[in-house]
Amino acid sequence: MTDTARDILTPSQLNALARNLLEDTFPLIWVEGELGNVTRPASGHLYFTLKDARAQVKCAMFKPKSQWLKFAPREGLRVVARGRLTLYEARGDYQLVVDHMEEAGEGALRRAFEELKAKLTAEGLFDADRKRPLPAHVRRLAVLTSPTGAAVRDVLSVLQRRYPLLEVDVLPVQVQGETAAAQIVEMLQRAGRSGRYDVLLVTRGGGSLEDLWAFNDERLARAIAASPVPVVSAVGHETDFSLADFAADLRAPTPSVAAELLVPDRRDLLTRVHHLQRRLATAHAHRLRNLMQRADRAALRLNALRPQARLDLLRRRQDDVIRRLHALWRDHQARRLAALRHADAILRAHAPQRRLEHLRARLLALAPRPQAAIARTLQREALCLRGLARSLEAVSPLATVARGYALVTKDDGTLVRSVAQVETGDRVTARVADGQIALRVESKT
């Protein structure tokens with residue numbers, strides 16, 4: 001084969017193929033190494049190398065991701081970087097484009113923490129429904145912490161100030177180091193089995209993730225979740241979270257806050273006690289008044305139920321009834337006597353003999369009066385009758401007939417007043433003074 005038959009690439013083509021090959025083979029990788037050649041130009045990008053004892057690789061972290069770093073990159077610092085491998089075609093150099101970087105020791109611990117947290121969360125160890133409420137009044141408290149640390153001093157100071165009556169036992173344990181988690185687990189289990197304590201407080205002061213690592217132990221998280229006594233966790237500062245915090249029944253941001261959450265303020269308690277005392281005194285006085293009133297009513301009822309008192313009451317009622325009966329009898333007698341007197345007066349006034357005498361005298365006085373009245377009445381009636389007769393005679397048709405006239409009537413008794421009432425050949429009757437004449441109409445004129 002000749003050279004002309006071969007595929008010949010330019011440097012840019014070769015670098016492009018190499019870049020594609022690198023990016024396809026290593027899409028996202030984690031690299032741990034030591035920082036070197038750290039530079040940050042005015043553009044804000046960060047350029048450095050990651051190296052170990054035998055090799056190094058060039059890296060670039062572009063803005064703004066380079067500004068989100070939680071630490072200051074410096075020469076010799078060991079870090080863990082995440083990025084994608086690529087090739088800078090202009091110079092043919094391959095490099096790692098970093099999008100996240102953290103200090104190596106803490107980064108490994110952080111990954112382990114997240115993995116363990118996800119595992120225990122999936123098991124339901126941190127579920128809210130398994131959390132137990134704390135007692136309303138804590139009488140005995142066990143504090144699992146270092147006896148020489150600042151956390152125990154803060155807790156005891158707050159407890160003494162707020163609620164001196166609380167019984168507090170400091171159970172000494174290591175809070176840092178390889179054996180710390182095992183000691184805390186053992187002491188936690190012993191305290192739970194003792195049955196002495198109402199609440200267990202697991203606490204320590206702040207520190208780095210590595211310092212607090214004992215409280216991210218899986219055994220400790222499971223021991224807290226399985227504790228028969230409610231557990232409060234106060235590890236580190238407010239921004240620090242541990243697996244002990246998630247497994248505990250209550251998480252406090254600091255040891256001092258945990259102490260405040262566990263006990264009430266004695267000033268508030270004194271105020272409440274004084275308020276309850278006033279309420280109790282008021283209730284006692286009210287109850288005493290009620291009892292005294294009941295006693296008075298009972299004494300009155302008891303006195304009223306004595307035989308002698310009952311007899312006296314019945315005797316007084318009897319005397320009162322007798323007086324009322326006498327008064328009623330006197331009133332009744334008086335009314336009866338008055339009625340008799342009135343009836344006697346009426347009877348005397350309406351005696352038959354006296355009435356007969358009165359009527360006889362009245363009759364004698366009235367005897368002439370009817371005859372005179374009858375005579376006067378007859379005279380008036382006679383005069384009236386004569387007047388009526390004259391009036392009747394004056395208007396009677398018979399009187400007219402007696403003077404030579406006649407009354408002509410048709411067969412049906414209709415008086416003929418005009419020639420228009422009859423026709424030729426009709427029969428009529430003419431009444432004269434001494435009888436009637438039957439006539440027939442011959443003609444009308």
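1. A word on terms before we start: a residue is called buried under 20% relative accessible area, exposed over 50%, and partly exposed in between, using a 1.4 Å probe and protein chains only. Leu-359 belongs to helix α10, residues 352-366. Helices here are DSSP runs of H or I with at least four residues, strands are E runs of at least two, and both are numbered from the N terminus.

2. Keep in mind that this is a predicted model: local features need pLDDT of at least 70 and side-chain atom pairs count only at pLDDT 80 or more, while totals for chains, interfaces and linings use all residues. Residues are numbered from 1 along each chain as its sequence is written, and side-chain values use heavy atoms, with hydrogens and water left out.

3. Now the overall shape. The chain has a radius of gyration of 71 Å, whereas a compact globule of 445 residues would come in near 22 Å; that radius is taken over C-alpha atoms, and the globule rule is 2.2 Å times the number of residues to the power 0.38. Along the principal axes, the C-alpha atoms fill a box of roughly 195 × 115 × 40 Å. Leu-359 turns up again here: its C-alpha atom is separated by 168 Å from that of Leu-17, 342 residues apart along the chain.

4. What is the chain built from? Its secondary structure comes to 12 helices and 13 strands. Of the 445 residues, 26% count as buried.

5. On to the inside. A nonpolar core here means a set of buried Ala, Val, Leu, Ile, Met, Phe, Trp, Tyr and Cys residues joined through side-chain atoms within 4.5 Å. The largest one has 35 residues, and Leu-144, Leu-188, Leu-200, Phe-215, Leu-220 and Ile-224 touch the most other members. Elements giving two or more residues to this core include α2 (104-122), β6 (140-145) and β8 (199-204), but the largest share, 7 residues, comes from α4. Apart from this core lies another, of 18 residues, among them Leu-35, Met-61, Leu-85 and Leu-96.

6. Ala-151, Val-152, Val-155, Val-158, Leu-159 and Arg-162 are buried in α3. They sit on the same side of α3 because they cover an arc of only 140 degrees around the axis, judged by the directions from the helix axis to the C-beta atoms. Arg-153 and Gln-160, on the other side, are exposed.

7. Leaving aside neighbours within four places in sequence, Thr-49 is in contact (heavy atoms within 4.5 Å) with Glu-34, Leu-35, Gly-36, Asn-37, Gln-56, Val-57 and Lys-58.

8. Most residues other than glycine have a negative phi, and most peptide bonds are trans. Asn-37, in strand β1 (residues 29-39), has a positive phi, near 55 degrees. The peptide bond from Lys-63 to Pro-64 is cis, with omega near 10 degrees, and Pro-64 is in the loop between β3 (56-61) and β4 (78-88).
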